[in-house]
Amino acid sequence: MNENLNPAFDRLVKIVQELREKCPWDREQTKESLRTLTIEETFELSDAILQDDWQELKTEAGDILLHVLFYSRLGEEQGHFSTEDMINTLIDKLIRRHPHIYGNVQADSAEQVTINWEQIKMEEKKDQKKKSVLSGVPQSMPALIKAQRMQEKVASVGFDWSEPEQVWRKVQEELEEFKVEADLHKANGNNLEKMEKEFGDLLFSLVNFARFIKVNPEDALEKTNRKFRNRFEYLEAKVAAAGGNLKEMSLEEMDVLWEESKAHFA
């Protein structure tokens, strides 16, 4: 443990308190006004992780810590909880949910730790109004990540396929159902809602298959997004360097440069 950690943390807590008392902007903030800023900071941290930029990760993680301490300051001002309460609550939860470390439960794999974690969470929620296995999945979470987390949650209590082949057959089934609706939409154009539903079912089944083969669908899609951006920006740069205009080019002409970009961004 770094012996300078406690003084640094104490100083940061004091700075947050001073900002809250003396800075006009900080004084006006509420948990509601900070919510979207916290989401933005989380995405900035995510970008640093995807870019493998440790210096930026350090900065963005610090920004997240600032938000956490700001929320605890608001809680203290309104008599709900203090920073110490928040930390002790976290400590208690970590100890309670790691009985294989702080108790006598056996867990030899990450999968078993996850199952234990979810079961302990369900026990904790017995006396709460929200008793569903899915109650811990935020409604505002992006849809792709939400689908993955919901599937992981229900799998932890045994609601799951047993073999990847079963899931793949479900993907194929959903693809056929979507194709039927897509063909109908092409023919008469009056079944958009049904087609959208089937497309959602197809995406959900693909996310489930990805989970079975240990592929993170969010990470996979983001890598494809970044690859597409790199390739298209390469295409734009080549056209601009030649004095051309994308809007005046044919798709066939652009496709030549697109194929060329693949050699640079696999």
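## Largest pocket

Helix α3 gives the most to the lining of the largest pocket, with 7 residues. Helices here are DSSP runs of H or I of at least four residues, numbered from the N terminus. The model is predicted: local features need pLDDT of at least 70, side-chain atom pairs count only at pLDDT 80 or more, and totals for chains, interfaces and linings use all residues. Residue numbers start from 1 along each chain as its sequence is written, and side-chain values use heavy atoms, with hydrogens and water left out.

The largest pocket holds about 750 Å³ of space. It is lined by 19 residues, and Thr42, Phe43, Ser46, Pro142 and Ile145 are the closest to its centre. A pocket is an open set of points on a 1 Å grid over the protein atoms alone, where a 1.4 Å probe fits, with protein on both sides within 12 Å along at least five of seven lines; lining residues have an atom within 4 Å of a point. Its volume is the space filled by probe spheres set on the points. At least two lining residues come from each of α3 (31-50), α8 (143-155) and α11 (217-241). By class, the lining of the largest pocket has 8 nonpolar, 5 polar and 6 charged residues.

## Second largest pocket

The second largest pocket has a volume of about 410 Å³. Among its 16 lining residues, Glu111, Thr114, Glu152, Arg211 and Lys214 lie nearest the centre. Two or more residues of this lining come from each of α7 (110-124), α8 and α10. The lining of the second largest pocket divides into 7 charged, 5 nonpolar and 4 polar residues.

## Nonpolar cores

Val167, Val171, Phe178, Met195, Leu202, Phe209 and Phe212 form the largest nonpolar core, of 7 residues (buried Ala, Val, Leu, Ile, Met, Phe, Trp, Tyr and Cys joined through side-chain atoms within 4.5 Å; buried is under 20% relative accessible area with a 1.4 Å probe, protein chains only). Both α9 (164-188) and α10 (192-212) supply at least two residues of this core. The largest share, 4 residues, is from α10. Another core, of 5 residues, lies apart from it and includes Val16, Leu34, Phe70 and Leu74.

Beyond its neighbours within four places in sequence, Phe212 is in contact with Asp160, Trp161, Ser162, Glu163, Pro164 and Val167 (heavy atoms within 4.5 Å).

## Loop between α8 and α9

Gly158 is found in the loop between α8 and α9. Gly158 counts as exposed because its relative accessibility is 59%, where exposed means over 50%. Gly158 and Lys146 are 12 residues apart in sequence and 19 Å apart in space, C-alpha to C-alpha.

Key
Nonpolar A, V, L, I, M, F, W, Y, C, P; charged D, E, K, R; others polar.
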